[in-house]
Amino acid sequence: TIHQDKKFYETAVQELETAAEALRQTLLDIEKKDAYQTDQSCHFADFKGKLPYPMNGKILKGHTLPEWEKLGTYKGIVIEGPANSKVKTVFPGKVVFSGGLKGYGELVIINHGSRFFTVLANLSGRTKTEGEVVQEGEVVGRVGTHGPTNMGRLYFEIRMAGKGLDPQEWLKPQ
């Protein structure tokens, strides 16, 4: 019924808002305690529109996303590709979080210096641990499956000083 659907989506929105707030707080805590600096000849901000994709696949938009993913709580994008695809770093940095977070599943957060972070979530497995320094293109994990298909969906986010940035403005045009 419509009433049950409305209740389901209201609950989903609340859970997503709680998950998004948990990620935001995690990133703020990390930023306070980890002042990682990259090689000063290489600045994340200089690579707007030039970053590689973290995995091969297509960006899902609008009608191709499930209703709960359209609700606008998340700040990133969803990239769909074959299940178990390699997920790679888009820029050198330091792994500052590697673990599970409700609403995001298994994820890796990388500090790229100058208060820039990338979030790679919905992983089926992680290959990097907190404290590891990574280079562009290193595998940090594999994408998890989504539903009954043999496809995986990676959630990818770029943040600067606690604010979500549009990843599509930072990635190379496809």
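Student: Why is Asn84 called partly exposed?

Tutor: Asn84 has a relative accessible area of 43% in this predicted model. Buried would need a value under 20%, and exposed one over 50%.

Student: Which other residue has a positive phi without being a glycine, with a value near 70°?

Tutor: That is Arg115, with phi near 70°. Arg115 belongs to the loop that runs between strand E5 (105-111) and strand E6 (116-126). Its relative accessible area is 46%, which lies between the cut-offs of 20% and 50%, so Arg115 is partly exposed.

Student: Back to the loop between E2 and E3. Why is Ser85 called buried?

Tutor: Ser85 sits in the loop that joins strand E2 (77-82) to strand E3 (86-88). Its relative accessibility is 14%. Since buried means under 20%, Ser85 counts as buried. Beyond its neighbours within four places in sequence, Ser85 is in contact with Met55, Gly141, Arg142 and Val143.

Student: What makes the approach of Ser85 to Pro82 a polar contact?

Tutor: A polar atom of the Ser85 side chain lies 2.5 Å from the backbone oxygen of Pro82. The cut-off for a polar contact is 3.5 Å, and 2.5 Å is within it, so the pair passes on distance.

Student: How do you know that E3 and E8 count as paired strands?

Tutor: Pairing takes at least two bridges. E3 and strand E8 (residues 139-143) share three bridges in the antiparallel sense, so they qualify. One example is Lys86, whose bridge partner in E8 is Arg142. E6 and E8 also pair in the antiparallel sense over three bridges, and Leu123 stands opposite Val143 in E8.

Student: What makes Leu154 a buried residue?

Tutor: Leu154 is in strand E9. With a relative accessible area of 0%, Leu154 falls under the 20% limit, so it is buried. Leaving out neighbours within four places in sequence, its contacts include Pro54, Ile77, Val87, Leu120 and Val143. Leu154 and Val143 are eleven residues apart along the chain, with their C-alpha atoms separated by 5.8 Å.

Student: Which residues touch the most other members of the largest nonpolar core?

Tutor: That core has 24 residues, and those with the most contacts to other members are Phe44, Leu51, Val87, Ile110, Leu120, Leu154 and Phe156. At least two residues come from each of E2, E5, E6, E8 and strand E9 (151-160). A further core of 17 residues lies apart from this one, with Ile30, Tyr104, Leu107 and Tyr155 among its members. In soluble globular proteins, nonpolar side chains tend to be buried together.

Student: Glu80 is in strand E2. Why is Glu80 called buried?

Tutor: The test looks at accessible area, and Glu80 has 13% relative accessibility, which is under 20%, so Glu80 counts as buried. The side chains of Glu80 and Arg153 are joined by a polar contact of 3.3 Å, a value within the 3.5 Å cut-off. Arg153 is also one of the contacts of Glu80 beyond four places in sequence, which include Met55, Lys58, Leu60 and Gly152.

Student: Which aromatic residues form a cluster through ring pairs?

Tutor: Phe44, Phe47, Phe91, Phe116 and Trp170 are linked in that way. Six aromatic pairs are counted.

Student: Where is confidence lowest and where is it highest?

Tutor: Helix H1 (residues 2-33) is lowest, with a mean of 68, whereas E3 is highest, at 97. Where pLDDT is low, the predicted coordinates should not be read in detail. The average for the chain is 82, and 76% of the residues score at least 70.

Student: How many helices and strands does the chain have?

Tutor: There are two helices and ten strands. Of the 174 residues in the chain, 43% are buried.

How values were computed: Residues are numbered from 1 along each chain as its sequence is written. This is a predicted model: local features need pLDDT of at least 70, side-chain atom pairs count only at pLDDT 80 or more; totals for chains, interfaces and linings use all residues. Side-chain values use heavy atoms; hydrogens and water are left out. Helices (H or I, at least four residues) and strands (E, at least two) are DSSP runs, numbered from the N terminus. Buried means under 20% relative accessible area, exposed over 50%, partly exposed in between (1.4 Å probe, protein chains only). A polar contact is a pair of N or O atoms within 3.5 Å; within protein, one must be able to donate a hydrogen and the other to accept it, and residues adjacent in sequence count only if both atoms are side-chain atoms. Contact means heavy atoms within 4.5 Å. A nonpolar core is a set of buried Ala, Val, Leu, Ile, Met, Phe, Trp, Tyr and Cys residues joined through side-chain atoms within 4.5 Å. Rings of Phe, Tyr and Trp (its six-membered ring) pair if their centres lie within 6.5 Å; planes under 30 degrees apart count as stacked, over 60 as edge-to-face and the rest as tilted. pLDDT is the predictor's confidence in each residue, from 0 to 100.
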